[in-house]
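Here is a short report on one protein model. Have the sequence at hand and follow along in 3D.

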Amino acid sequence: MIRKARKKDISRIAEILVTSKRKNYRKIFNDDYGTFVIVNVKEIIDELSADPSLLERYYVYEDEFVKGLIRIEGCEIVELYTDPYFEGVGIGSKLMKYANNHFDIKYLWVLEKNEGAIRFYKKSGFEPNGERRPEASQFDIKMIRTDE
């Protein structure tokens with residue numbers, strides 16, 4: 001089931017964000033300090049707890065417990081993560097389908113070197129449009145929805 005995130009989901013959202021970012025971005029950024037000190041569960045919990053409007057932008061995939069999440073702002077997918085222990089079983093696809101069916105999603109940004117995510121987004125109907133922006137020591141590329 002996909003539903004709007006609630007306050008009780010904050011710690012699980014933080015855990016998914018941290019474990020996913022560490023797994024996927026450490027090899028891209030090659031920065032252990034950023035990966036293991038700056039990106040941490042407590043900071044995310046504090047941020048989500050302090051700003052209820054931020055939590056309202058999250059939707060979670062729950063099957064016994066929360067296994068994935070998506071954050072939507074306007075017509076943009078800002079974050080989409082599946083707990084690394086449950087990757088490859090369709091949770092990300094279900095979250096993407098939910099977003100495309102319930103919101104006017106137009107685009108997202110993804111790290112240029114995150115080849116797995118780019119493949120996933122292409123299968124989900126998004127294509128790079130040539131725009132790039134700096135993201136720490138790397139670049140994000142903009143992908144626009146083409147399956148509308």
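Asp-46 is partly exposed, at 35% relative accessibility. (Buried means under 20% relative accessible area, exposed over 50%, and partly exposed in between, with a 1.4 Å probe and protein chains only.) Its side chain meets that of Lys-42 in a salt bridge, 2.6 Å from N to O. A salt bridge here is a side-chain nitrogen of Lys or Arg within 4 Å of a carboxyl oxygen of Asp or Glu. Lys-42 is exposed, at 55%.

Helices (H or I, at least four residues) and strands (E, at least two) are DSSP runs, numbered from the N terminus.

## How to read the model

This is a predicted model: local features need pLDDT of at least 70, side-chain atom pairs count only at pLDDT 80 or more, and totals for chains, interfaces and linings use all residues. Residues are numbered from 1 along each chain as its sequence is written, and side-chain values use heavy atoms, leaving out hydrogens and water.

How many salt bridges does the structure hold? There are 16. One of them joins Glu-112 to Arg-132, with the closest N and O atoms 2.9 Å apart. This pair links distant parts of the chain: Glu-112 is in the loop between E5 and H6, and Arg-132 is in strand E6, 20 residues apart. Glu-112 is partly exposed at 33%. Arg-132 is partly exposed at 46%.

Arg-133 pairs with Asp-140 in another salt bridge, at 3.3 Å between the closest N and O atoms. Salt bridges with shared partners also join Lys-21, Arg-57, Arg-71, Glu-73 and Glu-79 into one network. Back at the pair, Arg-133 is partly exposed at 32%, whereas Asp-140 is buried at 7%.

## Two faces of helix H6

Which residues of helix H6 (residues 115-123) are buried? They are Ala-117, Ile-118 and Tyr-121. They lie on the same side of H6, because they cover an arc of only 100° around the axis. The arc is that of the directions from the helix axis to the C-beta atoms. An α-helix has 3.6 residues a turn, so residues three or four places apart point the same way.

The face turned away from the buried side carries the exposed residues Glu-115, Arg-119 and Lys-123. For Glu-115, the relative accessible area is 55%. The buried residues of H6 pack against strand E4 (76-82), helix H5 (91-102), strand E5 (107-111), strand E6 (126-135) and strand E7 (138-145). After H6 comes Gly-125, with a positive phi near 95°.

## The nonpolar cores

The largest nonpolar core has 20 residues. A nonpolar core is a set of buried Ala, Val, Leu, Ile, Met, Phe, Trp, Tyr and Cys residues joined through side-chain atoms within 4.5 Å. H5 gives the largest share of this core, 5 residues. A second, separate core of 19 residues includes Leu-17, Ile-28, Leu-55 and Leu-111.

Ile-77 is among the residues with the most contacts inside the largest core. Ile-77 lies in strand E4 and is buried at 2%. Not counting residues up to four places away in sequence, Ile-77 touches residues including Ile-70, Met-96, Leu-108 and Phe-126. Contact means heavy atoms within 4.5 Å.
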